[in-house]
Amino acid sequence: MRRWLLPGLVLCVSGCGVSIPLLLDYGEFPEGFSRHQERTDYPLEFRFLGNLRGWKRTEAGAILLRSGTVLAVRSPELTMFRAALQLRSSAGYRLVLRTTPQEWLRRHSAPVVITVLPERTVLQTAVGTDTLELPAAGSHRWELVQLNKGFRARFECLPPVWIPAATPLTEWLLVEPLPGSEVVLEAASLEEPFPFVVVEQQGE
């Protein structure tokens, strides 16, 4: 992963050559903060749940999460979206969709749960469970496109995977370190899924 400094904007360039805005120069409070996204009118909102002292901003502007803290990300009113996340972890994490932060803390269950381990990734939906042999050590990029009938998951430059998933949709994307792990969110963006909506038609 490389970082490029441009006038007024810092970009993180993933292994696929796709730029994602970094999280720099924004004040924050223990429960969360918001920021403007350069390429869209939708703001990006960050909320922290669980242990509110279990996160901090790094000198590079990233968000470090410790076990026991959940990061919830959304663009308000955007339930179908394309999310790009640059992540690094010590011992794994979960990506959770189609639920709310409060519901996840209460039930610890959701229609879509992606569990990322150092040696493999487990995709859990109402349809079933799939295991992908993805080496997720180091810094890596996820692209998640959430649509009505499911979502498209793409890890780094590998071919995307279409996964049917139950409705209803929510605005939220959750990141939770596994027990004993730390996760660093190095860059993030959330925008409308178009023209990626064609993926849903192909998956029918």
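This is a predicted model: local features need pLDDT of at least 70, side-chain atom pairs count only at pLDDT 80 or more; totals for chains, interfaces and linings use all residues.

Residues are numbered from 1 along each chain as its sequence is written, and side-chain values use heavy atoms, with hydrogens and water left out.

**The sheet**

- Let's begin with the strands, which are DSSP runs (E, at least two residues; helices are H or I runs of at least four), numbered from the N terminus.
- Seven strands make up an open sheet in the order β6-β7-β18-β9-β14-β15-β16, with antiparallel pairing.
- At the edges you'll find β6 (55–57) and β16 (161–164); each has a single partner strand, so one side of each has no neighbour in the sheet.
- On average, neighbouring strands here are turned by 25° against each other, direction ignored; the axes behind that angle are lines fitted to C-alpha atoms, for helices over the stretch in contact, and angles run from 0 to 180 degrees between N-to-C directions.
- Two strands count as paired if DSSP finds at least two bridges between them.
- Strand β7 (residues 63–66) and β18 run antiparallel and are joined by four bridges.

**Salt bridges**

- A salt bridge here is a side-chain nitrogen of Lys or Arg within 4 Å of a carboxyl oxygen of Asp or Glu, and the count comes to twelve.
- To say how hidden a residue is, we use relative accessible area: buried means under 20%, exposed over 50%, and partly exposed in between (1.4 Å probe, protein chains only).
- Glutamate 186 is buried at 4% relative accessibility, whereas arginine 88 is partly exposed at 36%.
- Another salt bridge brings together the side chains of arginine 94 and glutamate 176 (2.9 Å, N to O).
- Here too distant parts of the chain are linked: arginine 94 sits in strand β10 (residues 93–97) and glutamate 176 in strand β17 (residues 173–177), 82 residues apart.
- Glutamate 176 is buried, at 10% relative accessible area.
- Arginine 152 and glutamate 143 form a salt bridge as well (2.2 Å, N to O).
- Arginine 152 is buried at 13%, and glutamate 143 is buried at 5%.
- Salt bridges with shared partners join Glu45, Arg47, Arg74 and Glu171 into one network.

**A closer look at glutamate 45**

- Glutamate 45 belongs to strand β5 (residues 44–50) and is buried, with 12% relative accessible area.
- From C-alpha to C-alpha, glutamate 45 is 9.6 Å from tryptophan 172 in space, though the two are 127 residues apart in sequence.

**The nonpolar core**

- A nonpolar core is a set of buried Ala, Val, Leu, Ile, Met, Phe, Trp, Tyr and Cys residues joined through side-chain atoms within 4.5 Å.
- The largest one has 35 residues, and Phe46, Leu87, Leu95, Ile114 and Trp142 touch the most other members.
- Apart from that core lies another, of nine residues, including Val70, Ala72, Val96 and Val113.

**Loop residues**

- Glutamate 77 has a phi near 75°, a positive value in a residue other than glycine.
- You'll find glutamate 77 in the loop between β8 (69–74) and β9, where it counts as exposed at 73%.
- Glutamate 156 is not a glycine either, yet its phi is positive, at about 50°.
- The loop between β15 (150–155) and β16 holds glutamate 156, which is buried at 18%.
- Threonine 99 lies in the loop between β10 and α1 (101–107) and is buried at 4%.
- Leaving aside neighbours within four places in sequence, threonine 99 is in contact (heavy atoms within 4.5 Å) with residues including Trp104, Thr170 and Trp172.
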